[in-house]
Amino acid sequence: MSLENKNNKPVRDSQIAVNPVPIPYGRQNITEEDIQAVIETLKSDYLTQGPKIAEFETVFAKYVGSKYAVAVSNGTAALHLCAMALNVQEGDKVITTPITFAASANCVRYCGGEVVFADIDPETYLLDIDKVRELLEASPKGTFKGIIPVDFAGRAVDLEAFRNLANEFDLWIIEDSCHAPGGYFIDSNANKQHCGNGNFADLAIFSFHPVKHIACGEGGMITTNDENLYKKLLQLRTHGIVKDDKKYKNTPAFANGSTVSSSATVRSSAVDVMSSGGETYPNWYMEMQDLGYNYRLTDFQAALGISQLKRADEGLAKRREIAAIYQKAFKGKKFFTGQSGVVEGHAYHLYVLEVENRLGLYNYLREHNIFAQIHYIPCHLMPYYREFGWKEGDMPNAENYYKHCISLPMYPTLTDEEQEYVVGKINSFYED
Ligand SMILES: Cc1ncc(COP(=O)(O)O)c(C=O)c1O
């Protein structure tokens, strides 16, 4: 083989043995128990939203420590519904990080809002609160409506600090916690604050895409402690439909089909059923009162999610072990300018290494059947966002991070031998 390392020296034979099985950066772990859970639901009466949805919402809310949870079809739908529930309107300015999957920003655009990026902290790779403060202080109060911090790679954002800032400027917070179920930060009273627990953010969202901690195929969850937002989300998830006699706007007579053409068909506000002529609404009746979507999760996906959630802590513990091994292997080495490291509460969806000659390493690893990945191309430099005026140089920390970052294999079924092989290949690329 003609493989060469970074110094263009031939690599020894012992080092070019290629792992027979491709090693991806992330992958799902589906057990026999998961499969049985899905099969049972497929044999039940419910395929779309049924009892498994409510069960998944209950166990997930318990897992993250929130009062409410709303299961939806994916993380992007979750973000969209959050932006709608918080009433993002044409021209509303919302701040987020450029180092995230585009969906964190796009949800603002779906509602016609304006995305304002603030740079990352180069140590944590998370939205830099000082940069957010600078933005807020540079404009009249009321200019910005909300902040979408992202628990990028699984590292929990200090939401207590963000909440204090948000309160000063009357902003809402959507925590994008797609990477961090089970993650937490330590608050100023030395308490663990779990991602998505609703103590600081108005709403939090999760994704159940196969590379995430919990896989449903596609799937998402919104968590909150706010009952009004919760009810709004339930409605928006299913077309904006309301099924509640007390909330109907049309009269029972209209609903029953018994109005004569001259009668009023719309209830004046606070008119109860009795004063609408003593008639009740027929069982079939429902009203679409807002423009919602079909963002429902199916019952069999929820069954898979429930089954997966039972192993979430086990998976998290394994991810943390893998992180500790990477950290030990690369700490202090001159080719590595940064890494995720060992951080309390980190949920390690990703383990990031910042390296010299990233392209060379990426290709070398691919040649050895190791499929590392890059997270993320800075969102503000996507052609779509460049059209809004964003350009190179706007977010120096994010752009510098992008030049060097590489996400290493990180998933609970990565074996010790596979991880040793990955570490060995990275070291041999730089050192041999
Ligand atoms: C940070 C972040 N936000 C949002 C999403 C969107 O989630 P989904 O793919 O489930 O729509 C993802 C998925 O990759 C993500 O990583």
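**Aromatic contacts and the ligand shell**

Modeller: The structure, which is a predicted model, holds 27 aromatic pairs. One of them joins Phe117 and Tyr385, whose ring centres lie 5.4 Å apart and whose planes stand at 90 degrees, so this pair is edge-to-face; the class requires an angle over 60 degrees. The two residues belong to distant parts of the chain, 268 residues apart: Phe117 is in strand S4 (residues 114–117), and Tyr385 is in helix H12 (residues 383–386). As for solvent exposure, the limit for a buried residue is a relative accessible area under 20%. Phe117 counts as buried because its relative accessibility is 2%, and Tyr385 is buried with a value of 3%.

A further edge-to-face pair is formed by Phe152 and Tyr401, with 6.2 Å from centre to centre and 90 degrees between the planes. Phe152 lies in the loop between strand S5 (144–148) and helix H6 (159–168), whereas Tyr401 lies in helix H13 (residues 396–404), so the contact ties together parts that are 249 residues apart in sequence. Both Phe152 and Tyr401 are buried.

Ring pairs also build a cluster, which links Tyr326, Phe330, Phe335, Phe336, Tyr348, Tyr351, Tyr364, Phe429 and Tyr430. Another kind of ring contact involves a charge: Arg358 lies over the face of Tyr402, 5.1 Å from the centre of the ring.

I turn now to the ligand.

A polar backbone atom of Gly75 is 2.7 Å from a ligand oxygen. In the side chain of Lys212, an N or O atom is 2.8 Å from an oxygen atom of the ligand, and for the side chain of Tyr376 the corresponding distance is 3.1 Å. On its own, the ligand has 380 Å² of accessible area, of which the protein covers 92%.

Note on methods
Residues are numbered from 1 along each chain as its sequence is written. This is a predicted model: local features need pLDDT of at least 70, side-chain atom pairs count only at pLDDT 80 or more; totals for chains, interfaces and linings use all residues. Side-chain values use heavy atoms; hydrogens and water are left out. A polar contact is a pair of N or O atoms within 3.5 Å; within protein, one must be able to donate a hydrogen and the other to accept it, and residues adjacent in sequence count only if both atoms are side-chain atoms. Accessible areas come from the Shrake-Rupley method with a 1.4 Å probe; for residues, only the protein chains shown count as cover. Rings of Phe, Tyr and Trp (its six-membered ring) pair if their centres lie within 6.5 Å; planes under 30 degrees apart count as stacked, over 60 as edge-to-face and the rest as tilted. Helices (H or I, at least four residues) and strands (E, at least two) are DSSP runs, numbered from the N terminus. Buried means under 20% relative accessible area, exposed over 50%, partly exposed in between (1.4 Å probe, protein chains only). A charge sits over a ring if NZ of Lys or CZ of Arg is within 6 Å of the ring centre and within 35 degrees of the ring normal.
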